[in-house]
Amino acid sequence: MPKNLVIVESPAKAKTIERFLGKGYQVESSFGHIADLPSKELGVDVENNFEPKYVVDKEKKALVKKLKDLAKKAETIWLASDEDREGEAISWHLAEELGLDKAKTKRIVFNSITKSAIQRAIENPRSINYNLVNAQQARRVLDRLVGYELSPVLWKKIKPGLSAGRVQSVAVRLIVEREREIDAFTPEASFRIKASFQTAKGKNFEAKLGKTYGSKEAAEQFLKQNIKADFSVARLDKKPAKKSPAPPFTTSTLQQEASRKLYFSVGRTMQVAQRLYEAGLITYMRTDSVNLSKEALDAAKDAIVSNYGEQYSAVRKYTGKSKGAQEAHEAIHPTDMKLQTPNLERDQAKLYELIWKRTLASQMSDAQLERTSVKIKASTHGEEFSANGEVVTFEGFLKVYLEGVDEEDAVEQEGMLPAMTVGDALQNNYITATERFTRPPYRYTEASLVKKLEELGIGRPSTYAPTISTIQNRDYVQKGTVEGTARSYTELLLEQGQLTEKQLSEMVGSDKGKLVPTDIGMIVNDFLVSHFTNILDYNFTAKLEENFDEIASGEEDWQKVMREFYKDFHPNVLDVEENAERASGERVLGTDPKTGRQVAARLGRFGPMVQIGTVEEEEKPLFASLLPDQSINTITFEEAMELFQLPKKLGMYEGEEVEANVGRYGPYVRFGKKFISLERGESAFDVDIDRAIELIQEKQKADAPIASYEGKEVTKGVGRFGPFIKWDGMFINVNKKYDFDHLSQGDIRELIETKKQKEKEKLVQSWPEEGIRIEKARWGRHNVIKGRVKVELSKDVDAAKLSLEDAKTLLEQKAPKKKTKAKAKK
């Protein structure tokens, strides 16, 4: 038995550390927290100084027993969880739940998983930092109080099944307010003037007028003044300039840049960065710091000089602007600056390269530029055109990397200008006056929302990704899918003394990939803002983050912060629960011409809907659900009345009724028990029986068996994951190795037999008479399955040794949860 037991929080991290330690060390994983607040109760004693009640999850009990046994046999226990507050709390829970002897227990921290970093940590152990533990407890307890007390109020006043969270609700508020700014925005038109000139040597360049014109008539009048004008260079100015590199990555800037350059979601960025960290390739990825250690600075300098030369190196020390920076006091950077392209899977390779380039560039020389500004005068009026150019005279850091910009911050790139001197005559090629419109505020992307949250001091590196995924999972916010709408604009052209006008078109208002609030998100936000002003206040939320930072530094008592918060929060909850009116976001649209009853759009039990009549009337109201692309805030009376025409009966075909309707995935035709989606751009209101039959026949042809294997039919189709064949209830993906349109019997046999073999390999245990089986799942996990019920086993459970009784117990434990949820919804 090894003398030293090292406990970390993840198996991947354990595997990497094991490589660096000798035979005298055994490295085990706790698989995250081994104790947490209970899932089915508040778990905080508000009467007894907000004492948390921590419990060990049933799935973790076997693991805790194993670690406890190992700890008893070891001479020294090294708690090596991450160096932030969450990591400190994991170590504390381990010490408490395993009953570790303080004399035998050492806490070690490191911000990279390398041999030298691990060795340094072992040489410099410390005890558990209870200030960091208390800061984590404060966040956990306060967020539990908010979620546990606010959510039932939302169930009662809006709709069952809703939930609220402290940081998440503030993030939703930002998105809702931005959407309302966009809705309230009225674009204003003006005409921008642009001209093309040619030098005596035949070189063309563009110039702009420094002013705009508010009307077509004024722009036209200006263009006419240029018909017989002579143009020349009035002034020419050349100035040296420089560009400096961006600092190395913090968590938020990594998330932003990976979104701009790699199109990664915030969550995906953090998953990939976690793997790079656990593999020992980068430093810890949850940090507010832009600082680099002396070791990292030296390594970056060596790599720069080696790759590009001494003149490209410039050692820089950055200071962060972020308030209350987290405890991981170093920026994200590679652990080995000489390793530029490690052999990694695609996403990891892309993110690693981004981090490597950014780190290297941060320690490189400024780019040297020469900026040229030219003013062009006309002989017939006093306005001047301006042209600006930029030439890079020394690349510096630009040789490696240039930081991306968000859409709203983008500026037109300046190119080179041809050689000119003051007084040179210029030939005018043409002048345009183009109608342009002021733009509404930009919707948030995941990256720009992270940037805004950080600016406001809301949340910390560890909270950005979970916050953004939570508000989408709760359906308070969605990623937009609208491509935009066409808008016409006017362009006037003066060319060779002739003035012409043409109408052009552009797409505007696209929200594709942007964060857009749903109806339920807006209603919940409005209710919370109205009744819980403090919780949704940006400054209040930022102040709480400062309180957590003060607890972490030992300047504030965490239970005092809880008391101060709860003494106002709890009475507010009770008052709202008792006295606030229900919220449905109701918007009256008009009166039904047939019945004279009110028509309104509102939130119902099953989502946004329109309603004819009110509950106060003797006759029951009529209801119709909104289409996926419709909103309570924007639906018109005409669109609402149209919804009551669905489902639309189209006729009969082959003895079955055919109707058109709209479901959660869009418009479709129903033929008997078959549902056939309409093509993009087609509407359930417009489709007729002939088009429906055409779609049905296409579906029948596609679903017809293409072969038979072992006496069972084989069909094929194309799903969300690409082409597939279906046999004996199994869906089998068809990769590019096969010609999908011309599958041979041999291809079909190979695909089916390969799938059958994979299914056999996946099966760990089976009890056919009970309809229960255990299968391998992703990431080394296992699932117990019965029908549609699936229970994921904890990684520390040996799936091969699980008995039928154990499997039945796990499945039974899963079932009551569903019933409880259903009961809550009632």
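Figure 1. Phi of F50 is positive at about 60°, although F50 is not a glycine, and the residue sits in the loop between strand 3 and strand 4 (51-52); helices (H or I, at least four residues) and strands (E, at least two) are DSSP runs, numbered from the N terminus. F31, likewise not a glycine, has a positive phi near 55° and belongs to the loop between strand 2 (25-29) and strand 3 (44-45). F31 is partly exposed, with a relative accessible area of 25%. Residues are numbered from 1 along each chain as its sequence is written, and side-chain values use heavy atoms, with hydrogens and water left out. Because the model is predicted, local features need pLDDT of at least 70 and side-chain atom pairs count only at pLDDT 80 or more, whereas totals for chains, interfaces and linings use all residues.

Figure 2. I118 is buried, with a relative accessible area of 3%. When residues up to four places away in sequence are not counted, I118 touches I17, F20, L21, F110 and I113, contact meaning heavy atoms within 4.5 Å. I17 is 101 residues from I118 along the chain, yet the C-alpha atoms of these two residues are separated by 7.7 Å.

**Figure 3. Packing of helix 8 (residues 251-262) against helix 12 (residues 446-456)****.** The two helix axes come within 8 Å and cross at roughly 160°, the axes being lines fitted to C-alpha atoms, for helices over the stretch in contact, with angles that run from 0 to 180 degrees between N-to-C directions. Helix 8 is therefore roughly antiparallel to helix 12; angles over 145 degrees count as roughly antiparallel, under 35 as roughly parallel, 65 to 115 as roughly perpendicular and the rest as oblique. On the side of helix 8 the contact is made by S252, Q255, Q256 and S259, which meet A447, V450, K451 and E454 in helix 12. These contact residues divide into 2 nonpolar, 4 polar and 2 charged, where Ala, Val, Leu, Ile, Met, Phe, Trp, Tyr, Cys and Pro count as nonpolar, Asp, Glu, Lys and Arg as charged, and the others, Gly among them, as polar.

**Figure 4. Two of the 18 aromatic pairs found in the whole structure****.** Y312 and F394 form a tilted pair, with 4.9 Å centre to centre and 40° between the planes; rings of Phe, Tyr and Trp (its six-membered ring) pair if their centres lie within 6.5 Å, and planes under 30 degrees apart count as stacked, over 60 as edge-to-face and the rest as tilted. This pair links distant parts of the chain, 82 residues apart, with Y312 in the loop between helix 10 (294-308) and helix 11 (346-362) and F394 in strand 11 (residues 384-394). Y312 is buried at 9% relative accessible area, whereas F394 is partly exposed at 22%. Y653 and F671 form another tilted pair, 5.7 Å centre to centre with 50° between the planes. Y653 lies in strand 21 (residues 648-653) and F671 in strand 23 (residues 666-671), so this pair ties together parts 18 residues apart in sequence.

Conventions:
Buried < 20%, exposed > 50% of the residue type's maximum accessible area, 1.4 Å probe, protein only.
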